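Subject: Handover of a structure, with notes

Dear colleague,

Please find below the structure that I am handing over to you. I would be grateful if you would read the notes with the model open beside them.

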Amino acid sequence: MKKFLFAVFSTIIALMFITCEKKEAFKKELTNDGYKVVIISDQPPHVGINKWKIYVYTVDGKPVENAVVKNINGYMPPMPGMPEMSFDYKVQKVGDHYESDVNLSMGGTWQMTILVEIDGKPYEFKFGFNL
Ligand SMILES: [Cu+2]
């Protein structure tokens, strides 16, 4: 019986991993001056930690090997009774892309800026959303 339960549970866990792997609930493409940043996440933007993968391509889809994703900034404009907020999220290189834990601390309007350096030149990629 124990062995049977173990088999059932491991199958369920394996299936969960497979479905998670294929999930791409959030994808955002941003272009600037011939370059394209693609953000991919398992979950749409939500309050809490958002795990984002960031890829840099040329606009015609070729990976830009010497692109360095420097920073992600989340900015929330002032709200009634609340001053503006600005957070810098650490970015880490993982294989052919970058990853960041983007902690969106509350609901409201967020303006995101991804800072990328290509050949020593800074490029900003911006977008916004409401939580
Ligand atoms: Cu606020």
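This is a predicted model: local features need pLDDT of at least 70, side-chain atom pairs count only at pLDDT 80 or more; totals for chains, interfaces and linings use all residues.

Residues are numbered from 1 along each chain as its sequence is written.

Overall fold

The chain contains one helix and nine strands. Both kinds of element are DSSP runs, numbered from the N terminus: helices are H or I runs of at least four residues, and strands are E runs of at least two. In sequence order the pattern is α-β-β-β-β-β-β-β-β-β. Of the 131 residues, 15% count as buried. A residue is called buried if 20 or more other C-beta atoms lie within 10 Å of its own, exposed if 12 or fewer do, and partly exposed in between, with C-beta atoms placed from the backbone. Among contacts in the chain with a separation of 6 or more, 46% join residues 24 or more positions apart. A contact here requires the C-beta atoms of two residues, placed from the backbone, to lie within 7 Å.

Two strands are taken to pair if DSSP finds at least two bridges between them.

Strand 3 and strand 7 run antiparallel and are joined by seven bridges; Trp52 has Ser100 in strand 7 as its bridge partner. Strand 6 pairs with strand 7 over four bridges, also in the antiparallel sense, and Gln92 stands opposite Glu99 there. The hairpin of strand 6 and strand 7 has two residues between the strands, and Gly95 in this hairpin takes a positive phi near 60°.

Eight bridges connect the antiparallel strands 4 and 8, and Val68 lies opposite Glu117 in strand 8. Five bridges join strand 4 to strand 5, again antiparallel, with Asn73 opposite Asp88 in strand 5.

The nonpolar core

A nonpolar core is a set of buried Ala, Val, Leu, Ile, Met, Phe, Trp, Tyr and Cys residues joined through C-beta atoms within 7 Å. The largest one has 18 residues, of which Val37, Ile54, Val56, Val69, Ile72, Ile114 and Val116 touch the most other members. Two or more residues each come from strand 2 (35–41), strand 3 (48–58), strand 4 (67–76), strand 7 (97–104) and strand 8 (109–118). Beyond its neighbours within four places in sequence, Val69 is in contact with Ile54, Val56, Val91, Tyr98, Ile114 and Val116.

Single residues

His97 lies in strand 7 and is partly exposed, with 16 other C-beta atoms within 10 Å. Residues up to four places away in sequence aside, His97 touches Lys53, Ile54 and Tyr55. The C-alpha atoms of His97 and Val69 are 8.9 Å apart, although 28 residues separate the two along the chain.

Most residues other than glycine have a negative phi. Asp33 has a positive phi near 50°; this residue lies in the loop between strand 1 (26–32) and strand 2. Asp33 is exposed, with 9 other C-beta atoms within 10 Å. Asp119 also has a positive phi near 50°, and lies in the loop between strand 8 and strand 9. Asp119 counts as exposed because 8 C-beta neighbours lie inside 10 Å.

Yours sincerely
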